[in-house]
Amino acid sequence: MTLIGATLNTVGLLFLTHAVYSTHEHTATFPHAPLPLDITIELLVSILVLSAGIVFTSPSLKPIVWARWAGRLSREGRHGEGKWTREGEEILSEGDPYAFLGLDGGIGGKREGRLGFWDVRGKRKEYAEWAKNGGKQ
Amino acid sequence: MSHANLLSPPSSIPPKTALSLSQKAPLILAASPTSSLPWPLSLLFSRESPESWTIHENLFLSSLRTGDDKSARLTLDRMTTRFGADNERIIALRGIYEEALANTPAELEKVFQGYEKILREDPTNLSIRKRRVAILKSLGRPADAITALTVLLENSPTDVEAWAELSELYASQGLWAQAIYSLEEVLLVMPNAWSAHAQLATLYYLSTPSNITTLSLSLRYFCRSIELNDTYLRGYYGLKLVSQKLLPLLSDSTSLKRNNDEEEAGPPPKLATVKKLEELATSKLAEIVRQYNAGKTGWTGLDEAEVIAAKALLDHGGIER
């Protein structure tokens with residue numbers, strides 16, 4: 001899809017540039033003559049091709065229905081989209097917007113979230129015990 | 001299914017993931033995002049991006065967790081030079097660092113006194129108020145933590161994070177009615193949060209005394225959570241559990257009459273409806289388990305432990321709690 005889109009965009013841009021240039025040349029040479037039909041057609045066709053290319057290369061749409069959008073979030077999880085920060089961390093797709101509430105793990109769950117109340121000593125203890133037991137699991 | 005990504009860390013961090021997160025420290029600490037050149041040049045040659053500081057903060061937290069206090073100190077110093085020692089967030093992070101290094105309860109008490117002093121100077125510092133609650137919880141004083149949280153919420157009643165924490169604290173004390181009330185406050189601010197609906201349903205399910213009213217309320221909230229998220233495994237899991245519990249109660253007509261006076265919650269659901277819901281939950285769970293195990297693309301985001309639990313529920317009728 002992206003290849004078709006890129007081709008259409010290139011072709012459309014070429015034709016658009018050509019049409020604009022022809023118009024400029026024509027009006028410079030014959031200031032009072034009407035524009036020939038082929039330039040008009042070329043302009044219109046180039047715009048159509050370019051629009052089609054832009055539609056093809058646009059990212060896929062998000063589901064409008066909330067439940068389906070949310071369902072896709074939890075089904076697919078977060079995944080990389082081929083972009084990295086300077087520190088070398090991949091930029092992931094959008095995730096559960098309510099994860100910060102930390103309610104997903106159930107009562108007394110071990111999920112992250114609610115960082116304002118982050119229990120640093122508990123987490124340290126958990127890690128120390130894991131390391132003491134040989135770091136398996 | 002747990003990539004170690006410091007920019008957006010996974011929703012659950014077991015020790016192994018924490019280790020691989022904190023092992024990125026040397027790489028990130030090697031080059032500072034801010035430039036050391038004098039002012040106008042530093043703007044031109046800065047490597048800073050909006051993500052840099054999120055990464056630093058997450059690195060700070062995970063190195064503290066793995067006991068890599070040296071990296072944590074370096075990260076904290078770097079953030080302090082960038083944002084200043086008076087920044088509310090930096091003050092809270094410094095507090096976390098001191099809490100982590102406190103070995104004895106007496107030392108922790110000293111950190112606590114430090115928080116009190118900060119709050120006397122600036123009573124509006126919400127992050128430090130939250131740290132105070134966290135310390136009280138860590139000291140094993142949940143009643144004091146609850147009091148501190150209620151004071152915080154009186155001053156800032158739309159803080160959903162605090163409401164969620166309060167609900168969790170109440171639930172840990174077995175105060176179900178209060179926990180439910182707090183979570184309803186979360187729903188007032190975020191009515192579309194499917195996890196909050198499922199959590200509320202769980203609270204109703206666990207609350208005592210367990211009767212038709214609480215169970216049907218639980219059923220309703222689980223239904224709402226899957227209405228908001230059509231692949232919400234926890235929602236379907238709970239729906240199946242609750243309807244399995246409700247079915248015998250509903251078919252027993254004597255218990256039905258006794259509870260008819262509960263007007264607030266509305267009439268209990270019809271037997272046929274619950275049966276249908278149970279079938280729906282079963283078929284959806286089966287589909288989720290099948291798709292996940294087949295390893296299809298687009299189904300890899302689910303939590304493996306949750307899928308295993310769902311499979312156990314389908315196979316043996318679940319684990320009794």
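Visitor: What volume does the second largest pocket have?
Guide: The model is a predicted one. Rolling a probe the size of a water molecule over the atoms shows where empty space is left. For the second largest pocket, the volume comes to about 540 Å³.

Visitor: Which element gives the largest share of the lining of the second largest pocket?
Guide: Two elements give two or more residues to this lining, namely α4 (120-132) of chain A and α10 (160-172) of chain B. Among the 21 lining residues, those closest to the centre of the pocket are G109(A), R111(A), D119(A), K123(A) and K137(B). The largest share, four residues, is given by α10(B).

Visitor: Are α6(B) and α8(B) roughly parallel or roughly antiparallel?
Guide: The axes of helix α6 (residues 88-101) of chain B and helix α8 (residues 126-138) of chain B come within 8 Å and cross at roughly 20 degrees. Angles under 35 degrees count as roughly parallel. Therefore α6(B) and α8(B) are roughly parallel.

Visitor: How many residues of the contact of α6(B) with α8(B) are nonpolar?
Guide: On α6(B), the contact is made by E88(B), I91(B), A92(B), I96(B) and E99(B). On α8(B), L126(B), S127(B), I128(B), R131(B) and I135(B) take part. Three of the contact residues are charged and one is polar, and the nonpolar ones number six.

Definitions and conventions:
Residues numbered from 1 in each chain as written. Chains lettered and ligands numbered in written order. Predicted model: local features only at pLDDT ≥ 70, side-chain atom pairs only at ≥ 80, totals over all residues. Heavy atoms only, no water. Axes fitted to C-alpha atoms, helices over the stretch in contact; angles between N-to-C directions. Parallel < 35°, antiparallel > 145°, perpendicular 65-115°, else oblique. Contact = heavy atoms within 4.5 Å. Nonpolar A, V, L, I, M, F, W, Y, C, P; charged D, E, K, R; others polar. 1 Å grid on protein atoms, 1.4 Å probe; cavity = no way out; pocket = protein on both sides within 12 Å on 5 of 7 lines; lining within 4 Å. Points joined across faces, edges and corners; volume = space filled by probe spheres on them.
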